[in-house]
Every structure is written in C-alpha cells, then in structure tokens.
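Work through the exercises below with the sequence and the structure open. Try each task before reading its solution.

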Amino acid sequence: MKKEVTAKKSKVVLSKKAGWIILAILVILDASLDVIFAEGRGLESNILKPIADLFGISNPLFMTPIVLIIFYFGIKGGAWLARKVDKIKYKSEELVLTALVIVYGLFDLWLILVYFFNFSLFKNHYYLIPILAAAALIYSLWAEKKLKESN
C-alpha cells in the first residue's frame with residue numbers, strides 16, 4: 001500500500017481569525033504602552049484627536065474598538081483594491097490584514113524598544129513611515145506572487 005504524498009503549500013497569509021486576534025492584541029498593546037509611558041498623548045495625533053474628541057474619549061484603551069472598526073473598513077477597501085488592481089482573486093483580505101499585522105507589529109516593537117530600552121535611532125516616529133511602508137510593500141509583493149502561483 002503506497003502512501004499518498006501531498007504537496008505542502010506554504011502559508012503566506014494569516015487566516016482572518018488569527019489576523020484579527022493578533023491585530024486586536026497589537027492595538028491593545030499600543031494603547032497600554034501609551035497609557036503607561038506617554039500618559040495618553042497618543043490621542044493627540046492628527047488622526048485620532050478628532051475621533052477621540054467626537055466620542056469624548058480620554059483613555060487610549062477606550063479607542064481600541066474604534067481603531068479596530070477603522071482598520072476593518074481599511075482592510076475591506078484595501079482588499080477590494082487588491083482584487084481590482086492586482087487581480088488577486090483569493091485571499092486578498094487576508095493579504096491586506098497580514099500586511100497590516102506586520103506593520104503594526106513592527107511599530108509596536110519600535111515602541112517597546114523606545115520605552116523600555118531608550119532606543120533613540122529616530123528622533124521622530126514619522127521617520128518610521130518609509131520603513132514600515134517598505135516592509136508592507138516587500139511582504140505584499142512576495143505574498144502576492146505566492147498567492148498567484150498557488151491558484
């Protein structure tokens with residue numbers, strides 16, 4: 001009796017469930033670090049301040065559901081663009097979600113390095129934007145190629 005050998009497909013994207021769980025943990029971690037080390041100054045950013053003022057939120061932890069809702073619509077829009085522009089028929093939402101998890105994870109890693117180890121390579125967090133964009137782009141191009149090959 002011969003054993004069937006099945007080709008193992010490498011998993012290039014997170015499942016939706018795992019991606020959302022990891023993303024929620026990262027958002028909570030970011031908000032917690034902000035509360036502990038920055039006294040909630042993260043809510044003073046240009047993006048979050050109007051939303052926090054609208055809902056009367058002064059604690060970054062209470063912004064977590066709103067941030068996740070914003071990410072939900074951003075991921076849906078990004079997946080729609082990936083389907084239309086890049087012609088990714090399968091797992092486009094997982095691709096965008098995984099790219100966001102990678103970027104947010106790198107940002108949280110940078111925050112941990114700054115707060116716990118006084119990492120001061122960058123004087124301003126805006127200098128991280130090109131690095132995070134490059135990480136997302138490199139991963140997305142690699143994963144897109146793998147997804148197109150597997151289908």
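**Exercise 1: Salt bridges**

D53 and K49 sit four residues apart in helix α2, about one turn of the helix. Helices are DSSP runs of H or I with at least four residues, numbered from the N terminus. The model is predicted: local features need pLDDT of at least 70, side-chain atom pairs count only at pLDDT 80 or more, and totals for chains, interfaces and linings use all residues. Residues are numbered from 1 along each chain as its sequence is written, and side-chain values use heavy atoms, with hydrogens and water left out.

*Solution.* 
- Step 1. The criterion is a side-chain nitrogen of Lys or Arg within 4 Å of a carboxyl oxygen of Asp or Glu.
- Step 2. Salt bridges with shared partners join K16, K76 and E93 into one network.
- Step 3. In the E93–K16 salt bridge, N to O is 3.6 Å. E93 is in helix α4 and K16 in helix α1, so this pair ties together parts 77 residues apart in sequence.
- Step 4. E93 is buried at 11% relative accessible area, whereas K16 is partly exposed at 38%. Buried means under 20% relative accessible area, exposed over 50%, partly exposed in between (1.4 Å probe, protein chains only).
- Step 5. E39 and R41 form a salt bridge at 3.3 Å between the closest N and O atoms. E39 is exposed at 64%; R41 is partly exposed at 46%.
- Step 6. The structure holds four salt bridges.

**Exercise 2: Cores**

*Task.* Which residues have the most contacts inside the largest nonpolar core?

*Solution.* 
- Step 1. A nonpolar core is a set of buried Ala, Val, Leu, Ile, Met, Phe, Trp, Tyr and Cys residues joined through side-chain atoms within 4.5 Å.
- Step 2. The largest such core has 18 residues, and L23, V27, I57, M63, F71 and Y104 have the most contacts inside it.
- Step 3. Two or more residues each come from α1 (16-38), α2 (48-55), α3 (64-84) and α4. The largest share, five residues, is from α3.
- Step 4. Leaving out residues up to four places away in sequence, Y104 touches L23, L26, V27, D30 and F71. Contact means heavy atoms within 4.5 Å.
- Step 5. A second, separate core has nine residues, including V12, V13, A82 and L147.

**Exercise 3: T98**

*Task.* Is T98 buried or exposed?

*Solution.* 
- Step 1. T98 belongs to helix α4 (residues 92-117).
- Step 2. T98 has a relative accessible area of 5%, so T98 is buried.
- Step 3. Beyond four places in sequence, T98 touches V13, L14 and Y139.
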